[in-house]
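Dear colleague,

I am passing a structure on to you with this message, and my notes follow below it. Please look through the structure first and then read on.

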Amino acid sequence: SLLLGVAACGENLTVPPDRDPASDPPVAPLECLPNLDGKIERSELSPAIGTAISYVVSPPDTSRSVDLTGSEGEDGTEWDFSTDYADDQSLSVTPSTLAGKWYAASFQDGAFITPFNRAGTLESIGLSTDGGLLLLGIASRDEAPDEGQTLLVYEPPITILKFPVEVGQSFVSAGEITNGVALGLPYAGRDTYEVDVDAMGSVDLIQFTFDQVFRVRTKVTVEPAVGTAVTRLQTSFYAECFAEVARATSADGETDPDFTDAAELRRLGY
């Protein structure tokens, strides 16, 4: 009968074990959380070693119209770089350490590496210190590339930013290169960076909006021992914990800090 069948099944039942309630894996705490205190400390601009950072960048030989002056909003200056260009290209930047680099012996321990050019065939060697962010030199990624080896070491290192980054900073930093090699040829020269942190406001990008970003204007003068000096203007926008979120670079020889045509426009995004 049905009752007998139910009874028979009941005799074979086992008590299920006690189980813990379902849970998610622990969430790792953020290494850097913006506090929007009107300055960027060293701890808020540390290289994210091994972390891929995605940018969109204008194609070579293509200029972009930019408004570096910005407009006045309710909470200060606003810069709009939100236009999505169909021909923009993707660029992934992954900071790394000196470990395994053929040129490691030429630079001090603790340095970090980022691509210097789009293809990554040249690399920038930087160092974060209590005083600021330094550029130690430039080297070819490979020891013997087809285009020739590059190894340029600045003495002294060039200061790119001073900590804490605050509006009103203005300084000049120069580095000499002696016994250098550029594309397989002997090189000597002097590079000078004139840096001004002159405004703070918000930046609109394609997928992001950042508050309390710092506009950093940099005039770079490259003076080779043999050849003609070249100047270039670069306006970067830095945010706490995210570092450089946008950058506009002028054509060589530009003199207007509010240039409206950028030889390269780079923005955080994908």
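**The disulfide and its surroundings**

Cys-32 is partly exposed, because its relative accessibility is 24% (buried means under 20% relative accessible area, exposed over 50%, and partly exposed in between, with a 1.4 Å probe and protein chains only). Please note that this is a predicted model, in which local features need pLDDT of at least 70 and side-chain atom pairs count only at pLDDT 80 or more, while totals for chains, interfaces and linings use all residues. Residues are numbered from 1 along each chain as its sequence is written, and side-chain values use heavy atoms, with hydrogens and water left out.

Cys-32 is joined to Cys-241 by a disulfide, with an S to S distance of 1.9 Å (a disulfide being a pair of cysteine sulfur atoms within 2.5 Å). Cys-32 lies in the loop between helix 1 (2-11) and strand 1, and Cys-241 in the loop between strand 14 and strand 15, so the pair ties together parts that are 209 residues apart in sequence (helices, H or I of at least four residues, and strands, E of at least two, are DSSP runs numbered from the N terminus). The link is left-handed, with -65° about the S-S bond, and Cys-241 is likewise partly exposed, at 25% relative accessibility.

Turning to another site, Glu-264 lies in strand 17 and is buried, with a relative accessible area of 14%. Its side chain is joined to that of Arg-118 by a polar contact of 3.3 Å (a pair of N or O atoms within 3.5 Å, where within protein one must be able to donate a hydrogen and the other to accept it, and residues adjacent in sequence count only if both atoms are side-chain atoms).

With kind regards
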